[in-house]
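Please keep the sequence and the coordinates at hand while reading.

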Amino acid sequence: MPEPALLNVSNLQAWYGESHVLHGVTFDVRKGEVVTLIGRNGAGKTTTLRSLIGVVGKRAGSGTFKGVDLLKVAPHKVARLGIGYVPEERGIFSKLNVIENLLFPPAWQSGGMSVNEIYSLFPNLKGRDSTPGTRLSGGEQQMLAIGRILRTGADFILLDEPTEGIAPVIIEEIGAALRILKDRGMTIILVEQNLRFAASVADRHFVLDQGKVVDEIANHALDANMDRLNRYLGV
Amino acid sequence: MTDFLGVPIPVLLGQLLLGLINGSFYALLSLGLAIIFGMLNVINFAHGAFYMLGGFVAWYLLSKMGLGYWWTLFAAPLLVGLAGVIIEKTLLKRLYRMDHLYSLLLTFGIALMLEGLFRHIFGAAGKPYPVPALLTGGINLGFMFLPVYRAWVIAVSLAICILTWLAIERTKLGGYLRAATENPALVQAFGINVPLMLTLTYAFCVGLAGFAGALAAPLYQVSPGMGSSIIIVVFAVVVIGGMGSIGGAIVTALALGVIEGLTKTFYPAASSIAVFVVMVLVILIRPSGLFSREA
């Protein structure tokens, strides 16, 4: 019997001011899965994540997580359900150093990783405690942004384009870290443009186009469906 | 030596003390203004009105309800802070995403309405407020006479300023506040109730203004115009210290109080413009303020 979905997003719609950005996004994520949202720029991938955590003002539809509709939860309570958000721009606080950034988000659930565990997952961060957060390289900032979420006990992570603008070596390290997190039972939604990276960690891919999920492709069927996918992505 | 540049030492010290007293009030007010600007991005023109409100709360509770000084000192910031909560929750928070100008105009309007209302009800004349028995009298320091109430004002103002600075710069909660100024959406995504934090910050800062008003009641008379006469100087202090710099606001406030006091001693005619001359110089040399982080 397949696992019941941990997150069920149904007909999610969202607006930025007057412009209607999401037109009914529907997908599900099962416990322990890595699922990607792929699609062209402006397809609504980031907005989908932002809608789920309540950063987008006007939303409709539903996103049921562990039986709770995220659209009805106050934005500051989403994290308390065990959802960790790593934004596209990484959101490292410039006024805080590395360790302060790492210790910044409150831990809402037990079972979070210790600082030492995070350092062994991302050795680049080790010994950099007093470096201002934004002095790190882009890749290291990404590691810091993921690391600080792991401390909070979140078991569901929303990861927005972790490979964007990052050196290939670091991308590999982040990929390895994500596979370790997956083995530890973490559930992850990954927004990604880098198909090769997405294929190296994900179980399923949802293709977004013009604010809708237009296709679902299992990772093992990715090669067989490459033509179809390239058409969506316009490459 | 009994005089300095032709001014008797006791007179000089007396003016210095007056300068420090004024500086203490500037500090309590500019501290709140700087925090509100830094955290909420609001230029709170109503700050003087809240100071006045604190004075009136103290006066009303004492003269109409017989509550003692210590109670009024406690109740004034609480009631003024409550007024702040109401204004923030009903009006101010709608303007956070807009240009500064909107909140400036709103708070300026609130200040005018409050001042007009109090003038209408209580008249323009000042209301006397006695110094509490415990703090009357003075200490002879040998070189000058120090009234106890004035010493108390300086001590309690400094203590509150330092505690507030520590709370913002050195505590976890202060860290959330500082981070929320950089990226409120993300701080909220980490599970922190940012809107509540902003409401409480505003309430705390206008509560400080209310506290300053109650503290000032025995020194200056309580009158509807007391806020508007101090607020312009306080704005100058914040501009000189650097908008949003909390430590800068405290240090600048005390220094300017002293500069004002000294001007009064040596060239009384210029005393009311001394602060603004300093402001002009600072704007010419270092437009972002003496203590701002960006040079």
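The account begins with a sheet in chain A and then turns to helices in chain B.

This is a predicted model, in which local features need pLDDT of at least 70 and side-chain atom pairs count only at pLDDT 80 or more, while totals for chains, interfaces and linings use all residues. Residues are numbered from 1 along each chain as its sequence is written, and chains are lettered from A and ligands numbered from 1 in the order in which they are written.

In chain A, six strands form an open sheet in the order 6-7-8-3-9-10, with mixed pairing. Helices (H or I, at least four residues) and strands (E, at least two) are DSSP runs, numbered from the N terminus; two strands pair if DSSP finds at least two bridges between them. Strand 6 and strand 10 (212-218) of chain A are the edge strands, each pairing on one side only. On average, and with direction ignored, neighbouring strands of this sheet are turned by 20° against each other. Such angles run from 0 to 180 degrees between N-to-C directions, and axes are lines fitted to C-alpha atoms, for helices over the stretch in contact.

Strand 7 of chain A (residues 156-160) is joined to strand 6 (residues 83-86) of chain A by four bridges, and the two run parallel. Here A:Gly84 stands opposite A:Ile157. Five bridges join strand 7 of chain A to strand 8 (residues 187-191) of chain A, again in parallel, and A:Leu158 has A:Ile189 as its bridge partner in strand 8 of chain A.

How enclosed is strand 7 of chain A? Five of its five residues are buried, so strand 7 of chain A is largely enclosed by the rest of the structure. A residue is buried if 20 or more other C-beta atoms lie within 10 Å of its own, exposed if 12 or fewer, and partly exposed in between, with C-beta atoms placed from the backbone. In a regular strand the side chains alternate between the two faces of the sheet. In strand 7 of chain A, the buried residues are A:Phe156, A:Leu158 and A:Asp160 on one side and A:Ile157 and A:Leu159 on the other.

A:Glu161 lies in the loop between strand 7 and helix 5 of chain A. Although A:Glu161 is not a glycine, its phi is positive, at about 45°, and with 21 C-beta neighbours inside 10 Å it counts as buried.

In chain B, the axes of helix 2 (residues 47-63) and helix 3 (residues 69-90) come within 8 Å and cross at roughly 135°. Helix 2 and helix 3 of chain B are therefore oblique to each other: angles under 35 degrees count as roughly parallel, over 145 as roughly antiparallel, 65 to 115 as roughly perpendicular and the rest as oblique. The axes of helix 10 (residues 246-266) and helix 11 (residues 274-285) of chain B come within 9 Å and cross at roughly 125°, which makes helix 10 of chain B oblique to helix 11 of chain B.
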